[in-house]
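Please consult the sequence and the three-dimensional structure alongside the text.

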Amino acid sequence: MRILHVYSGNLYGGIETFLRTLARVQGRASELVHEFALCFEGRLSRELREAGAVVHLLGEVRVRRPWTVWRARAELSRLLERGEYAAVVCHAAWPQAIFGPVVRESRVPLVFHQHDALNGRHWLERWARVTRPDLIISNSRFSATTLASVYPEVPYEVRYYPVLPLPPVEPGERERVRAELGAREQEAVILQSCRMEAWKGHRLLLDALGRLKGLPGWVLWVAGGAQRPAEADYLAELEAQATRLGIRERVRFLGQRTDVPRLLRAADLHCQPNLGPEPFGLAFIEALQAGLPVVTTAMGAPLETIDSTCGVLVPPEPEALAEALQGLIQDGERRRQLGAGGPARAEALCAPEVFLRGLASDLGFLGAWARP
């Protein structure tokens with residue numbers, strides 16, 4: 001079955017990482033062939049092509065310029081006329097709203113892949129609600145609990161993202177990365193690697209570490225750069241906050257990185273203390289694969305993925321977070337114990353073969369679900 005995945009492609013985060021991984025692992029399930037239709041050229045389109053995937057460009061879309069929407073819809077319609085696809089998967093509300101009607105008119109089964117929690121109030125979600133999909137694939141049980149606000153009667157399946165094992169460590173790589181970024185071997189490196197968005201908890205993490213400024217033996221690496229003007233302003237606020245708290249010399253803002261696996265291998269623990277529920281959290285799974293204990297807030301999908309064998313869940317409060325971090329900074333043996341539980345946990349949750357088998361099963365039954 002040929003499956004077409006439709007997405008924007010102009011930013012880079014968890015959805016883009018998932019699509020890149022899907023392109024890389026699709027050869028492990030011969031019953032499905034995945035192609036991709038994007039609106040924007042960029043890092044995602046390059047990485048998909050490097051993985052050997054077919055990428056179709058629909059043309060740049062700006063909702064405030066309706067003619068760009070019409071043009072891209074026409075391009076997708078032509079693609080579906082000649083493509084003989086078994087299903088089209090729209091990733092997130094934006095492509096579902098813009099391209100769902102085209103897929104419905106083509107009579108190709110329509111799948112909505114839910115990557116975020118929904119509330120039905122955002123204008124994109126209200127627009128997406130107009131076109132009912134035949135099936136929803138949710139990235140966590142938590143995300144699925146929010147579907148009723150937009151698609152109350154559509155069948156759904158929960159499928160955790162596939163995550164590839166990290167590449168093998170080259171001899172001396174950990175030491176080289178730490179030296180490059182100015183971390184001493186005896187220091188505990190805390191890594192936060194995510195989009196530069198406020199709900200990811202950067203401010204909370206800095207507040208917690210401000211309470212530990214008298215504690216020696218730790219540094220923080222913040223990986224993830226500003227991709228939009230508002231994110232640039234947010235980054236400037238974080239830098240000012242670190243200065244105000246007296247910890248600026250111990251915090252490295254690393255910007256946008258393409259070598260996160262190297263950073264994970266060189267760090268000692270991973271902390272992303274979300275202020276809102278995380279729909280899934282690929283960064284947590286990657287940290288588990290790297291053998292890092294994960295510290296995050298007790299809400300959303302981490303309640304499904306992070307347990308006492310591999311991490312610590314805390315309330316979204318600086319005092320509680322500081323206490324958890326202090327314990328791990330000072331207790332290297334506990335860090336090693338929790339880190340040792342990570343790879344098995346990641347494999348159990350996110351082995352690519354499990355996702356591919358589940359997806360093939362979902363789409364195999366789609367014909368019976370699809371509306372005429």
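The points below are grouped by topic.

The structure is a predicted model. Its largest nonpolar core has 60 residues and lies between two domains, because both give residues to it. The structure also holds one cavity of 30 Å³ or more.

**Annotated spans**

- UniProt, in an unreviewed entry, lists residues 12-152 as "domain: Glycosyltransferase subfamily 4-like N-terminal". This span is 45% helix and 17% strand, and its end C-alpha atoms lie 30 Å apart.
- For residues 174-342, the unreviewed UniProt entry gives "domain: Glycosyl transferase family".

**Nonpolar core**

- Within the largest nonpolar core, the residues with the most contacts are Leu-48, Trp-221, Leu-263, Leu-264 and Ile-285.
- Helix α1 gives the most to this core, contributing six residues.
- Domain 1 (2-162 + 351-370) and domain 2 (173-350) both supply residues to the core, so the core lies between them.
- In soluble globular proteins, nonpolar side chains tend to be buried together.

**Largest cavity**

- The volume of the largest cavity is about 30 Å³.
- Its lining consists of His-5, Phe-18, Leu-22, Val-89, His-91, His-113, Ile-137, Phe-355 and Leu-359.
- At least two lining residues come from each of α1 (14-25), β4 (87-91) and α16 (352-364).
- Six of the lining residues are nonpolar and three are polar, while none is charged.

**Residues with positive phi**

- Ala-92 is found in the loop between β4 and α4 (93-106). Its phi is near 85°, a positive value in a residue other than glycine.
- Ala-92 has a relative accessible area of 13%, so this residue counts as buried, the limit being under 20%.
- Arg-107 lies in the loop between α4 and β5 (110-114). Although Arg-107 is not a glycine, its phi is positive, at about 65°.
- Arg-107 counts as exposed because its relative accessibility is 65%, and exposed means over 50%.

**Gly-210**

- Gly-210 belongs to helix α8 (residues 202-210).
- With a relative accessible area of 15%, Gly-210 is buried.
- Gly-210 and Ala-322 are separated by 112 residues in sequence, and their C-alpha atoms are 8.6 Å apart in space.

Note on methods:
Residues are numbered from 1 along each chain as its sequence is written. This is a predicted model: local features need pLDDT of at least 70, side-chain atom pairs count only at pLDDT 80 or more; totals for chains, interfaces and linings use all residues. Side-chain values use heavy atoms; hydrogens and water are left out. UniProt positions are given in the numbering used here, feature names are shortened, and annotations may be inferred rather than shown by experiment. On a 1 Å grid over the protein atoms alone, a cavity is a set of points where a 1.4 Å probe fits but cannot get out, and a pocket is an open set with protein on both sides within 12 Å along at least five of seven lines; lining residues have an atom within 4 Å of a point. Grid points are joined across faces, edges and corners, and a volume is the space filled by probe spheres set on the points. Helices (H or I, at least four residues) and strands (E, at least two) are DSSP runs, numbered from the N terminus. Ala, Val, Leu, Ile, Met, Phe, Trp, Tyr, Cys and Pro count as nonpolar, Asp, Glu, Lys and Arg as charged, and the others, Gly among them, as polar. A nonpolar core is a set of buried Ala, Val, Leu, Ile, Met, Phe, Trp, Tyr and Cys residues joined through side-chain atoms within 4.5 Å. Buried means under 20% relative accessible area, exposed over 50%, partly exposed in between (1.4 Å probe, protein chains only). Domain bounds come from an automatic or database domain assignment.
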